[in-house]
Amino acid sequence: MTTNGSGPLLEVENLVARYPVPRWIVGALQRRPKLYAHAVDGISFSLRRGEMLALVGESGCGKTSTAHAILRLIEAESGSIRFDGQEIAGLPPRALRPLRRRMQIVYQDPYESLDPRFRVAATIEEPLDVHDIGSRAERRTEMLGALELAGLTPPELYLERYPHELSGGQRQRVAIAASLVLHPDLLVADEPVSMLDVSVRAGILAILDSLRDNGLAILMITHDLSTAAHYADRIAVMYLGRIVEEGTAHDVVENPQHPYTKALLSVVPKRDPRERTTPQILRGETPNSIRIPSGCRFHPRCPIAIPECRNVDPELRRPAGATAPGHRAACIRV
Amino acid sequence: MTPLLEVDGLNVWFDLPGGGELHAVRGIDFELDAGERFGLVGESGCGKTTAILTMMGLLPPNASVAGEVRLGGENILARGEESVSPHRWNDIAMVFQGAMNAFNPVQTVGSQIEEPMRLHGIAEGKNARRQVEELFERVGIPSDRASRYPHEFSGGMRQRAAIAMALACEPKILLADEPTTALDVMVQAQILELLSSLATDFDLALILVTHDLPIVAHVCDRAAVMYAGVIAESGTIDDLFHAPRHPYTRLLFAATPDLHAGGDRVVSIPGAPPRLDQPIVGCPFEPRCDRAFEPCPTVTPALKRVGDRHVAACHLNDIVREATA
């Protein structure tokens, strides 16, 4: 792995990503103003080597768009993305290419992400092929090593298999192996276990967890707070394109400050039936990101909102109730 | 008193296109009382959905069934479609997995719920519309939404509408197959709260089919844990979590991360469930079990009583009566 000194591997500052909303022909003829969905609306965070950060939130909160903007799978509207000290927002594709192999993504659905006509060997070799790396023998060693890292042992047994011969958990391990074969520094895991059966999830998450020991930074995107609480070092809770709370997994889960985080935690069902609690259920649903509420974007659903919240867009800062450094929340009431 | 619903020795086979049979449900028994909330838990392919589709008489034509499903003492499987159809929707209704995506996009949601009312002779015309609006109010949808189209509803709203549709004929039993799987946590909480309150208000018995143990722990009174077409263990939720008598139950809970159990290690269960198109010898969980011993590979364990309304199918219970499985 290559590194440029000791700074964070990834630094994101004021990232904005938006999608145009189609206004169709009639809308264009009537010269209606162009509308945008503000998927990511000014977020900042950093990620160190060997660290796992979980971006947590409900669908439409912008967690996947954030990851895609970082990987330059969509173009950011504005903001800065520094990868290993180098600014990559706006970097031309040619210059981006050597950096691409250092960032990889594992998708949610291993039934969709693997080509059914490719043997495992072909799936894992493809990244090496794209980046023109290694001789035949070297490639084989790399491939076997990646399969082993992903927990498919003995690796030789899997190389000639097709996806349909593998279980869901094994498929996801193949996807992980394909992402590891280039020895990336950053791995984005987009809901890596949500399509899998409960009994195999822990195995996949344990692999991701162990990869951090070699310095791999992991950005995990999930809607599942229990998983984030268990495996991530830090959690950033997103709502409508913003981070509303950020801190160590322990601080965010055990000492939540933002009313949205508190509500979100309260509705997670507990494993132990004796711990049944009355969830604090927010009414309605997340407003869409085309018309973001004024002031604090959470105020229409917030149980503790005051009139001021309609006007003040709160900054992410250290709340009074925080007990540890690095714990930040965007709420004027805490 | 006869329970509201009794499932007795239920077996379901599917004929496979290439010949052979898949024995999806391999003899399951359970009972349900009026107003009770019962969970049917297990991983994909364990037969939980097949079991409840049987109660609705909605299995595909390549399925064959043995055993009884008794509703108030009457075996509704006795004469196939003829005996099950009078009860479908009227007594037993179902919210299907992905039901929120099953609405016809070119018909208003209200008219799609009026249709079963008309077909079952519950209400027609303006009467039906008024009942739909009342149902909508009850499930938390503004009543004026009845004349809107499915695409104008969010996922959570469509799921509420699917529940309203299942309630249209005032059933006694509601079967819900993974009713919150595709929903966000906050919407999931709303739907679970709705199902619980409907069960209470209408004395509606609920069978919640899910792979998600915390959801069952949150909503249900009792549950059955299914594995490879059989019930591995059944009991109160408290017994299943605090005093499991089958290793699969214990391991399934251990594989589920909990928000506050930071220190507890979450462990996966190695291996995969057995193929159901071949005969299973011995305990179906034996190859993955961490407590398997001498009889397990050869002798199929019977479901035995281990406590009050608590049964488990594990040989360990024959040798250690007090120790937990």
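## A first look at chains A and B

The contact between the two chains takes 33 residues from chain A and 33 from chain B, where residues are in contact if their C-beta atoms, placed from the backbone, lie within 7 Å. This is a predicted model, in which local features need pLDDT of at least 70 and side-chain atom pairs count only at pLDDT 80 or more, while totals for chains, interfaces and linings use all residues. Residues are numbered from 1 along each chain as its sequence is written, chains are lettered from A, and ligands are numbered from 1, in the order in which they are written.

**Where the chains meet**

- Helix 9 (198-211), helix 10, helix 11 and helix 12 of chain A each supply at least two residues of the side that touches chain B; helices (H or I, at least four residues) and strands (E, at least two) are DSSP runs, numbered from the N terminus.
- Helix 9 of chain A provides the largest share of that side, six residues.
- By class, the side of chain A that touches chain B has 15 nonpolar, nine polar and nine charged residues. Here Ala, Val, Leu, Ile, Met, Phe, Trp, Tyr, Cys and Pro count as nonpolar, Asp, Glu, Lys and Arg as charged, and the others, Gly among them, as polar.

**Helix 12 of chain A**

- Six of the eight residues of helix 12 (residues 259-266) of chain A are buried, a word used if 20 or more other C-beta atoms lie within 10 Å of a residue's own, with C-beta atoms placed from the backbone.
- Those buried residues are Pro259(A), Tyr260(A), Thr261(A), Ala263(A), Leu264(A) and Leu265(A).
- Their cover includes helix 10 (225-231), strand 9 (234-239), strand 10 (242-248) and helix 11 (249-254) of chain A, together with helix 6 (185-202) of chain B.

- Strand 9 of chain A pairs with strand 3 (residues 52-56) of chain A in the parallel sense over four bridges; strands pair if DSSP finds at least two bridges between them. Leu53(A) has Arg234(A) as its bridge partner in strand 9 of chain A.
- With strand 10 of chain A, strand 9 of chain A pairs in the antiparallel sense over six bridges, and Ala236(A) has Glu246(A) as its bridge partner in strand 10.

**The nonpolar core**

- The largest nonpolar core has 202 residues, and Ala177(A), Val237(A) and Val225(B) have the most contacts inside it. Such a core is a set of buried Ala, Val, Leu, Ile, Met, Phe, Trp, Tyr and Cys residues joined through C-beta atoms within 7 Å.
- Helix 6 of chain B gives the most to this core, with eight residues.

**Chain B**

- Chain B has 10 helices and 12 strands.
- Of the 325 residues of chain B, 50% count as buried.
- An open sheet of four strands in chain B has the order 2-1-4-5, with antiparallel pairing. Its edge strands, each pairing on one side only, are strand 2 (21-32) and strand 5 (74-75) of chain B.
- Strand 1 (residues 5-15) and strand 2 of chain B pair in the antiparallel sense over nine bridges; Trp13(B) has His23(B) as its bridge partner in strand 2 of chain B.

Key
Buried ≥ 20, exposed ≤ 12 C-beta atoms within 10 Å, placed from the backbone.
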